[in-house]
Amino acid sequence: MRYVITTKPNQTKSMRLPVFLCFLFFSILSLAQYQALALDETLTKNANAVLRLDQMEIEIHSKKEMVVKNKQVITVLNRLGNRHARTALGYDSSKKIKAIEIIIYDKLGNQIEKIKKKDFTDVSAVDGFSLYLDYRQLYYDYTPISYPYTLEFNYEYITPDTGSIPSWYFLGGFMKSVEKSRYSIYYANSALKPIIHEKNLESIRFEKKETGSSIVYTAENIGAIKQERLSPTFGKIAPRLMTKINNFHYKGYDGTIESWSAMGTWIDEKLLAGRDELNEATILEVKDLTSGIEDDLEKAKKIYKYVQDNTRYISVQIGIGGLQPISAIEVDRVKYGDCKGLSNYTKALLKAVGVDSYYAVVQAGADKVDFEEDFADLAQGNHVILTIPHKGTYYWIDCTSQVLPFGYIGSFTDDRKVLIVKPEGGELVRTTSYVDDDNYQHIGASYVIDSEGGIAGNATIKTKGVRYYQHFRLNQDPKEDVIKHYKNQWNNINNLKVSEYSLNDDKAEVTFSETVSLNATNYASLSGNRILFTVNAFNNNDFVPDRYRNRKLPFEIQRGFLDTDEFTIELPKEYSIEAMPKERQIETEFGSYEVAYTYVPENNTVKYSRSLLVKKGYYPKEKYSDYRDFRKETARLDDAQIVLVKNQ
Amino acid sequence: MIRLKITVFCLVFSATSFVLGQDFKFGKVSKEELTENVYPQDSSAVASVLYRHQSVRFSYTQGVGFKLLTDVHERVKIYSKDGFDYATVSQLLYKNGSDAESISGLKAYTYNLENGKIEKSKMEKSAVFKTSRSKYRNEEKFTLPNVKEGSVLEYHYQITSPFYSSVDEIDLQYDIPIKKLEIAVEIPEYFVFKPLMKGYLPISPKLGTKAGRINYTSKNRSNRYSAATNFDAQTIEYKINTTHYDIANVPALKEEPYVNDMDNYRSAVKYELQYIQFPQEARESYSTTWEDVIKKIYESDSFGGQLKSGRYFQEDLEKLMAATTTESELIAAIFLHVQGRMNWNSIYGYGVDKGVKTAYKERSGNIADINLILTSMLQEAGLNANPVLVSTRDHGVPMFPTREGFNYVVTAVELEGGTVLLDATNKYTKPNLLPTRALNWFGKMIKKDGTAKTLNLIPKKVSRESTNVSVVLKANGDIEGKARKSYTDYDSYAFRNRYAAADEEDYLEKLENRNNGMEISDYAIKNKKTVGKPVMESFTFNLESQANIIGDKMYFSPMFYMAMTENPFKLEDRNYPIDFTYPWQEKFVMNIKLPEGYQLTSKPENMNMALVNKMGSFKYQIVENGSGLQVMVDLKINEAVISANYYADLKELFKNVVEKQTEKLVLSKTSSDGTADSSGKSR
C-alpha cells in the first residue's frame, strides 16, 4: 500500500537533494495516510470529493527540457464526487508520457487496485468542433465499488515546450475541497527562473519558499466553494498561479517575451511574417471590388463582406498551428480556415487595398476575461479577431462569422482586454462594450381580449446590442423553428398560434426587427361574470434569482439591459374595468422599473407602458438579497392583472 | 502458387432510373444543379443530397480470404451557410487487432458557378485527416475547398473491409433530403444475408442475379509418376445475388420532442448474415430466426457459458439460503446481495466484459457480468431463473432477429404467480422495476433448453406522486402550510437516483427555488434509501404573494405554486409516438384555510375528463368545508407509450389541465355585517 514516486536521473547535483527529501517525506506519511473515515468537517462541508493531496513538481532543465510530475490523491465521498477524480492525461507529439498509474485505496486506506500504463486507453482528443487536432488522451475509467474510496493518480511527462508551463489552481473547481496543495518548480540556472503571477491568493493561507533553484507553494485545508446563481466564474475567484519563463521554447520556436509589447513583436515576426502574401489575381479582384471608394472604413466593410461571402470556418490544429495561422494564399485557395487563418487572410486582403488592420488575440466566450496587464504569456487567449483603427476608434470584426455585421462582435468577445499585434509591438486594448441601455429591446404591441378570454394581436420587437446577438440568427432559421422560438419566448401564453411574421436584419444599424401576428384561446381566465388577464402579455419577465440560506459569493451582472414596452389593449365591448393595477416606479442601485396603465374610455382600450433597466455591476454578497427583492418585485408587477366585469 | 482473382463487373444502371436532364457520372455536374437555390419540396433544407450511389460487394484473395468493398459516390448541394457542415465528411472505420477497414481512391471536387461558367476546385491531400478514435474505431475526415452558398460537392471513395460477415447498416434517410439514392448490394451465393428494413419509407428493392467468375492459376502434377509441375488456368463460376434500391425524393428526418430515439424512425436497411456455405464444406450458420439468434447467443462463451459454474459464489449463496425460508425471501435476498455487492462500470452488453468470476471477485462489471451472476445464483438456488435479452431505449427497437439488435440483459424468475423481472445494475431498482434505460418494448427470455419467450417490458403499473397540503392563505396573499409528498415506483426510483446521494441542505435549496423561492423548515424524509417503500417527504413552508389582491378582492389559483402553467405539447401535429417511459399519476389534495374577513365569491367549476381507451384522465374538484376549501386534482397517464394518432387528444387534455390548474378563485372582503359586498356567486 505504498505508492511509487517515479524518479528520474537528475540533471544537476543541486537538484538531487530536494527531490530525495520529498521522496522520504511522503514515504513516511503514506503508511495510513489515505484512510477516508475521519476527515475534518471543514473539508467535507459542501464537498462530494476531497483532494487529499494535489502536488505538482516542475523541473526546468533547460530552455528546451521540462519535466512535469503530478500526484493527485482524491477521496471520493459519494457518487457525485466521481467526476472530480481525474484519470486522464492529454498529450501531443512533443509531450512524452514517461509514467502514468492509478492506485485505489479503500476507506481504511488499504490499497485494493493498481492500474498500470498498459491498462490505460489511448484515444484522440475531440473538442467538438475541430476537423483535426493532433492532441491525444490516455485515460482509464474506474468503477468504484464502495464509498468513500481514495484514488491516487500519478504521472510524469517530459516536453521541450517551456512556453507552456502548467499553471496551478489551489482548488480544482466548485464543490471540491483540498487538504494539501503543493506546487514546486526547480530550475537549473537563474536564466530559467520562472515568473509567477499570483491570483486571488488572499482567500487562502499559503506558504511560499524560495531557494536559489526552487520556488515552492504549499497550502492546506482549503474548504470547498459552492457555485451560486450570478456568482463570478470559478476562474475569476479561484486562488491560482500563472507561471512562465521569459526565454522559452514552444513547438519548434524560441521566444524571448517579457511584456505584451514583446509578445506582439514575437507573434508578428515569428508567426505572421510572410504569411500575408496573396496571388495577383486575388489582389486585383479586391482592388476592383473597392475601386472608387475613398474611405478606409467603407473599403474594410466591402472586404469583410467579401470574406463572409466566400469563406467558412474549419479548425485544424497541429503543433505550432495552434498559434500560427495558415498562410493567406492557402486560405485563398481552399476558402476556409480557423480564426487565425481567416483573420490573417482578411488582414492580407485589407492590406492589398491599403487599409491597416491588427491581428488581435482574445479570450472568447460569454464570460468576459481580460488579459493580465502585467503578465504576458502564451496561455492567455483562445481566439483571434481583427481590429481596424480608423480615426481614433478601433472597429472589431470576427472573421469566423459569415453573418455578423461589420464592427459588431456580440457577447463572444466584447468588453475585455485583448492583445493587438502592431508592427511596433503588442498592446492591450479593450474591445467594444455593450452595457446597460446598449442592450436595448423595445416591444410595441396592440392586442384584443375577447369575451371568451382569447387574445389576438401584433407585436413588433426591436433589438440592439447583445439583444441583437440573441435574436438575429432567427433570420437564418426555417419557418418551423422560428414559430417554435415564439412559442417558447411567449410560453406564458398557452395555445399560441403565430399566423404571420416578418424579420428584418438592419446590419448597418445593428438592429433586428420582428413583427409577429398571433392569437391564442383561453389567455384570460373567466371567473363567473369576470375576466382576469395579465396585462404584460409579451414581455413577462419572471426571472427571480435563487434564494440562498447563506450566500457566500459576490454576484455579477456582466452586461445589463434595458427593455421598454408599450401595449394598447382593446377590451371586450360588454365588459368594463373592475380593477386595474396602479402605476409604479422603483429605483435601485441595480436598475429601475416603471409601469403605468391608462384607460381610454373613447375606444375602451388600456394603454400600458413598462420599462426595466438592469445595470452592469459587481456587488458584494450582502447586496444579493436586495437584488433578489428587486427582481421579485418586478416579476410580481409583470404579473399584474386587470379584472373586467360584465356590464349588467 | 495458386492465385485467385475475382473479376467484378461494374454495375450499369438502366437509363430510365435517371432523373430527367441529370447526369450522375462523376464530374458531370450541371448548371441546373448549380443554379438551384432551394430544395423544391422543402424550403427549410440547408443542403441536400442530389445523388448518392453506394455499392457493396465481395472480393476474394487467396491467403487473405474474402473482403468487403463499399463504393461511395455522393453529390451534395449546399443551399445556405448553415449547410456548410455538409462539406465536411466523416467516415468511421472499424478495426479489431491487426484487421482494419481502410479507404482508398478518395477524390473530391467542389463546383461553383462563376459568371455563368462552371468552376471546379480539387480537394488536396492536406484536407484529409485520419484519426484513431478508440480501440475499435478509426475515423477518416475530409473537407472540401471553396464552398459557398450554391456549391455542388462531389466525392468518391472505396472502403475495403476484412469484416465480410458484417455489412454496415445502410441509411436510406438523412437529416437533409435526398433527391436520388441508389444502393446496390451484390453478394456471392456462398453468403446468405437477410435484408431487414426499418422506417416509414415505402421501399421495394429489385432482386436479381448475375454470374461471377473466379479465374485462377493452379499448380498440380499431371500424373503421379511425373515429377514435372504443370500450371493450369482454371475458372470457378458462381452466382451473385443482387439487390438494387432505387429511391427518389426522400424527405429529411426531422427531430420531434418526447421521442425515445429518432433513429428508431430513420429508414435504413440492415444485412444480417444467416449462414456461409462454401462448396463441399459444412454450412456455417449465423442467425436467421429469433430461435437461431438466441441459440447462437446462448451458446457463446460470453453468455450461456457464464451460467455454467456457480462455484465462485457458492459460499455466499449458502449463507443466503440458510437465512431465508420462503421462495420470495430467497429471491429478494439474492437480488439484494448482488445489487449491493456489484457495481456497474457503465458498459453495456449482453456478453460479459470481465467474466462473471472475475467480476464477482472485483465487485464490478458490465451489465452482463452483473445480471448473469444474478441469474446464475438464482438458478443455483433452485429457482426457475433465466436471462432476458434487451435492447435499451437509446439502442432502438429490435424489430428483426439480429444479434446486434440486443445490447443488454436482465433476469426473469418464473413463479406460480407470474414472472418477476430483475436488474441488479442500479442501486435503486427492485423486483419488477427495471432501470428506465431497459424499458424498451420487449425482451427475449432464453430458457436452458435454448428456447425463447417474448416478455413485454413496458411497465403497466402506475407510478404515483401524491401531494397533501394544508395551506393557510393570509390576507396579504402570502401562504404558509404543511406539505406531505410521497413517490412510488418509478417516481421514487427517479427521486433516489437524483437526490439520494445529495447533500440535504443543497437539495432543500433546490427544492425551495423550484417552488418559487419558498422557505422550507422542519424537513423530514422517510425511506430515502429503503428501496421497497415509497419515498416520503414532509415539510413546513412559507411562500410570498400567492394571491393577487385587487381592490377588495383576492384572486388565486387554488393549486398555488403547484399548478402546471405550460402545456408541454406545443406543436400542431406530430408523426411519432409520445413516450412517457412509464404510466404515471400526479395527485394533489389541498386543504385551504381562507383569510379572516373574506368570503368565497366564485370558484372554478369541477372537471372530469378522460382519453379514449382509458389512456389518461384528469379530475378537478373543489369542495367548501367550514372555513375553507378542499381541492382534489388527479392527473393520470395510464399508458407508457401513446400512439401519435392520439396526439391531438393528448394535447387537448393537457390544455385543459393547464387551464384548470391556473384558473382563479375569487374572494371578496366581507362587510362589517358579515356578508359579501359583491353580488352573489356566479354560475
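Trainee: Which residue stands opposite Arg530(A) in β31(A)?

Mentor: Ser527(A) stands opposite Arg530(A). This is a predicted model, in which local features need pLDDT of at least 70, side-chain atom pairs count only at pLDDT 80 or more, and totals for chains, interfaces and linings use all residues. Residues are numbered from 1 along each chain as its sequence is written, and chains are lettered from A and ligands numbered from 1 in the order in which they are written.

Trainee: How many bridges join β30(A) to β31(A)?

Mentor: Strands are DSSP runs of E, at least two residues, and helices are runs of H or I, at least four, numbered from the N terminus. Two strands pair if DSSP finds at least two bridges between them. Here 3 bridges join β30(A) to β31 (residues 530-534) of chain A, and the two run antiparallel.

Trainee: In what order do the strands of the open sheet in chain A lie?

Mentor: The order is β30-β31-β37-β33, with antiparallel pairing. β30 (525-527) and β33 (575-579) of chain A each have a single partner strand, so one side of each lacks a neighbour in the sheet.

Trainee: Which elements of chain B give two or more residues to the side that touches chain A?

Mentor: Contact means C-beta atoms, placed from the backbone, within 7 Å. By that rule, 48 residues of chain B are in contact with 46 residues of chain A. The elements are β8 (128-132), β9 (137-143), β18 (343-344), α8 (504-514), β29 (548-550) and α9 (647-662) of chain B. Of these, α9(B) gives the most, with 4 residues.

Definitions and conventions:
Contact = placed C-beta atoms within 7 Å.
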